[in-house]
Amino acid sequence: MHRLQLAELRDSWTTWLGVSLGFITTNFALVLSALTLVAGSRAVQTGHLDPLDSTAFVITPAQNLLFCAVVGMVVIGTATNLALSARRGALARLALNGATPLQIVGTVMVQLVTVSLASSLVGSLLALLALRPALGFLAFERVQAGTPMPAPEPVYSIWPFLLTALGAVVIAVLGGLRQAARGSLIAPVEALREHSADGQTLRMTIGRIIGTVLTALVLAAAYASITVFTAEPDSETVSNLIMLSMSVLIVMAVFLALLAPVLIGPLTRAWVRLLPLPLASWQMARRTVTSRARRLTRSVVPVMMTIGLLLGMLGIWGSLESTLIANGYDIEITATGPASLLVFLGLPLLISLAGGVGSLIMMSRQRDAELALLGIVGATPGQRVLVPLLEAVIITVTATLLGLIMAAGALAVLTVGLPAAGMTYAFVPPTAMFAVTVIATMAITISATVIPTLRSLREVEPALIARLVAD
């Protein structure tokens with residue numbers, strides 16, 4: 001059985017490569033944040049850093065640790081579910097060859113633990129290499145903000161590595177155990193049929209509904225706290241509103257991710273209907289997206305988080321900068337630049353970007369088979385390239401619409417809070433940067449979708465179609 005488990009892991013390397021991108025980035029971000037926090041705390045204890053000036057090296061890493069954990073759980077959970085959905089055909093093949101449900105679940109768990117541990121090791125090593133430059137960047141950011149301070153010396157503690165690796169394994173196993181157990185109990189022929197159909201509808205599970213309600217309550221509490229922060233304005237009011245706005249941005253991402261099964265499909269179908277283009281490739285891309293509801297949903301979520309975090313960062317920066325100018329403040333001595341916002345949300349952004357690319361790479365073999373089917377029915381090589389390209393465009397547009405909702409939710413804190421604090425609110429959206437953000441994300445999405453499928457143009461169509469059943 002162990003030989004069969006290793007063979008399954010080897011044959012599905014492209015799928016697990018996509019998963020590993022999210023795992024590696026999440027481990028990197030968590031370990032780097034934890035090590036930065038340890039270094040800052042040690043510097044305060046030894047007297048090398050004034051406790052009053054320790055925010056950049058203590059409070060900010062702690063906040064990053066929390067934000068990265070939240071975003072990482074969403075990305076890893078989505079990637080794990082997507083990988084197991086992509087491997088449902090392979091699990092059915094194991095059942096057809098006599099594997100028991102327990103053996104099937106064991107095979108999945110071995111793969112998840114192996115990928116998690118290997119990714120944790122790579123992510124931790126990268127964090128070790130990045131620790132000193134990261135501390136230097138935080139010190140540089142304080143210079144840009146007008147409050148220079150020395151960078152603390154790195155402290156290499158073993159606990160962040162162990163805890164992060166354990167957390168990654170637990171999240172992966174919990175995320176995959178339920179789906180693996182459920183899939184192992186489905187009749188093999190029925191599993192193959194569901195795998196080929198991908199599922200036409202998605203439902204909100206009880207756990208997801210509970211999570212959605214709890215997240216909505218957190219959002220309501222965050223908006224209600226605006227009155228507390230602005231009741232007696234002082235020098236920290238603006239900083240508190242910025243932190244609250246960024247926190248709402250993260251919580252909005254989780255809220256929309258939880259609503260994804262009932263939100264992404266209808267939203268995509270609604271805006272796609274507004275473009276009844278006669279182009280054959282567009283019609284095929286539309287139908288592919290509609291028929292692959294699960295793939296669409298799980299592909300959009302990490303891209304949505306990437307675009308939403310970027311737009312939110314730019315919106316907060318533009319809002320704060322223009323408001324400070326309108327109120328006569330010298331923005332050169334305040335931490336309102338891109339470097340400061342990158343410190344706060346750069347690592348969660350990196351996790352979501354890696355998750356988006358990984359999710360698209362995971363589905364490359366399934367797309368190969370679909371494009372082979374199109375070739376058999378007469379699609380030209382050019383059309384077979386254009387279909388995944390247009391699918392990537394559809395994913396990006398849907399993610400952008402949801403990302404705008406994320407950004408709007410975060411900006412609502414400043415829109416309400418700054419006037420309540422007695423400031424004249426003035427928001428000049430950085431339109432050019434908004435456009436660059438969406439275009440750059442679309443280019444990355446297109447590359448991750450199209451490039452892995454180009455090799456299929458040189459292969460025999462029947463062999464590619466067989467993978468759709470075997471994978």
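**Salt bridges and helix packing in a predicted model**

At 53% relative accessibility, Glu-153 counts as exposed, a class that means over 50% relative accessible area, with buried under 20% and partly exposed in between (1.4 Å probe, protein chains only). This is a predicted model: local features need pLDDT of at least 70, side-chain atom pairs count only at pLDDT 80 or more, and totals for chains, interfaces and linings use all residues. Residues are numbered from 1 along each chain as its sequence is written, and side-chain values use heavy atoms, leaving out hydrogens and water.

**Salt bridges**

- The count comes to 2 salt bridges, each defined as a side-chain nitrogen of Lys or Arg within 4 Å of a carboxyl oxygen of Asp or Glu.
- Arg-132 pairs with Glu-153, with the closest N and O atoms 3.6 Å apart.
- This pair links distant parts of the chain, 21 residues apart: Arg-132 is in helix H5 (residues 101-144), and Glu-153 is in the loop between H5 and helix H6 (159-184).
- Arg-132 counts as partly exposed because its relative accessibility is 48%.
- Arg-295 forms a salt bridge with Glu-391, and here the closest N and O atoms are 3.1 Å apart.
- That bridge also links distant parts of the chain, joining Arg-295 in helix H13 (residues 293-326) to Glu-391 in helix H16, 96 residues apart.
- Both Arg-295 and Glu-391 are buried.
- Helices here are DSSP runs (H or I, at least four residues), numbered from the N terminus.

**Helix H15 against helix H16**

- Two packed helices are described by the angle between their axes and the distance between the axes.
- The axes of H15 (residues 364-376) and H16 (residues 381-420) come within 9 Å and cross at roughly 130°.
- H15 is therefore oblique to H16; oblique covers what is left after under 35 degrees (roughly parallel), over 145 (roughly antiparallel) and 65 to 115 (roughly perpendicular).
- Axes are lines fitted to C-alpha atoms over the stretch in contact, and angles run from 0 to 180 degrees between N-to-C directions.
- From H15, Arg-367, Leu-371, Ala-372, Leu-374 and Gly-375 meet Arg-384, Val-387, Pro-388, Glu-391 and Ile-395 of H16, where contact means heavy atoms within 4.5 Å.
- By class, this contact has 6 nonpolar, 1 polar and 3 charged residues.

**Around Val-238**

- Val-238 sits in helix H10 (residues 237-258).
- Leaving aside residues up to four places away in sequence, Val-238 touches Leu-320, Leu-418 and Met-423.
- Val-238 and Leu-414 are 176 residues apart in sequence, yet 8.8 Å apart in space, C-alpha to C-alpha.

Notes
Helices (H or I, at least four residues) and strands (E, at least two) are DSSP runs, numbered from the N terminus. Ala, Val, Leu, Ile, Met, Phe, Trp, Tyr, Cys and Pro count as nonpolar, Asp, Glu, Lys and Arg as charged, and the others, Gly among them, as polar.
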